[in-house]
Amino acid sequence: KFVQPFSSELKKIGLMFCFQYYSYGMRVSDLMILKWGSIYESGKRLKYEMYKTKSTIDIVLSNELLDILFEFMDFETRKMIYFQSKQVDGQYKFKIEGVSIRINKKNEWYDLIRHTLYLRGGDKEYENKYILSNLIDGYDSRVLFTKISSLTSMYNKHLKELSKELNKVSNFHFNISSHMARHTFAYLSLISNQSVYFISQTLNHKSIKTTEAYLKGFDKRHLDNIFYKETLLALDKKSIDDKLKELIT
C-alpha cells in the first residue's frame, strides 16, 4: 500500500541486487566486473567467466534483466529508446543481423533494448566498459582484487542503507547483503519445486553435495504438498485417529 521513495543511488543498488538474483544468483565479484561486451546474440544472452572459479557462464537475458540493463545505460541512449518506443505502430523500423524489424506493441520495448545492446557489442568504445561498476579496464590481477574488495564493501554498506529504508514501510525485517541474492535464488528455486540438480547447475557448483550443504537448514515447508495433493484437513485427521484407536483396542 506504500511507495517508498529512494535516492537514485539506492535505487541502483537495489537494481544491482535484483540483477544478481535474476542472473541465477550471480556472485558479487562477477557483478562488479561484468562488461557490455559480455552480451551477445543480438542482446539475447550473457556470457562471462566467473572470477572465483574461472568457469564460463552463459545465460539468457530475461526481460527483467533487460529492464535493469536499460537503467544502467547512459541518459542519451535511454532517451532514444524511450522516444522510439513511443512511435506510432509500424512507423519506426530497424535491422538486427540484416533482418528488418518494424515497431509494434508486441516487440517495441525489449527489441529496442536488445537492438541497442547488439550495436554496443560491435562498438569498441563500449565493449570493454563495465556495466555496473566504475572500474576501468586494464588493471592487473592484484589491483583488480583490491578494487573488487573495496567495491563489494561499499555495495554491502549501501545494501544496509537500503534495508533500513525498506524496514520503514515493511512488516518484514530486511538485512540485505550481496551474498543474500545467491541464497535467495537458491531458496526460491527450492520452494518452487526445482530439483537440487538443476539448482546446482545454475549455481555452478562442482558437486551436488555442495548445493545440498548450501540448502541445509532452509525451511522444509516446500515439501508439504509434494507427496499429497491436498493438505490433510483437521476433520480427516480426527477420523484417521479414531480408526487407529478402534484397531488397537
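## Charges over rings

In this predicted model, the charged end of Lys 47 sits over the ring of Tyr 40, at 5.1 Å from its centre. A further case involves Lys 12, which lies over the face of Phe 72, with 5.1 Å to the ring centre.

## The sheet around Lys 47

Lys 47 also has a bridge partner in strand E3, namely Asp 58. Strand E2, residues 45-49, runs antiparallel to E3 and is joined to it by five bridges. Both belong to an open sheet of three strands, ordered E1-E2-E3 and paired in antiparallel fashion, in which strand E1 (39-40) and strand E3 (56-60) are the edge strands, each pairing on one side only.

## The buried face of helix H9

Helix H9, residues 196-203, has Ile 199, Ser 200 and Leu 203 as its buried residues. Viewed down the axis of H9, these buried residues fall within an arc of 100°, and therefore line one face of the helix. Among the elements that cover them are helix H8 (180-191) and helix H10 (208-215). After H9 comes Asn 204, which has a positive phi, near 60°.

## Aromatic pairs

Across the whole structure, a search finds four aromatic pairs. One of them, Tyr 21 with Phe 185, is edge-to-face, with 6.2 Å centre to centre and 65° between the planes. Because Tyr 21 lies in helix H1 (residues 8-22) and Phe 185 in helix H8, the pair ties together parts that are 164 residues apart in sequence.

Tyr 21 is partly exposed, at 23% relative accessible area, whereas Phe 185 counts as buried at 9% relative accessibility. Together with Tyr 22 and Tyr 24, Tyr 21 and Phe 185 form one aromatic cluster.

Notes. Residues are numbered from 1 along each chain as its sequence is written. This is a predicted model: local features need pLDDT of at least 70, side-chain atom pairs count only at pLDDT 80 or more; totals for chains, interfaces and linings use all residues. Side-chain values use heavy atoms; hydrogens and water are left out. Two strands pair if DSSP finds at least two bridges between them. Helices (H or I, at least four residues) and strands (E, at least two) are DSSP runs, numbered from the N terminus. Buried means under 20% relative accessible area, exposed over 50%, partly exposed in between (1.4 Å probe, protein chains only). The arc is that of the directions from the helix axis to the C-beta atoms. Contact means heavy atoms within 4.5 Å. Rings of Phe, Tyr and Trp (its six-membered ring) pair if their centres lie within 6.5 Å; planes under 30 degrees apart count as stacked, over 60 as edge-to-face and the rest as tilted. A charge sits over a ring if NZ of Lys or CZ of Arg is within 6 Å of the ring centre and within 35 degrees of the ring normal.
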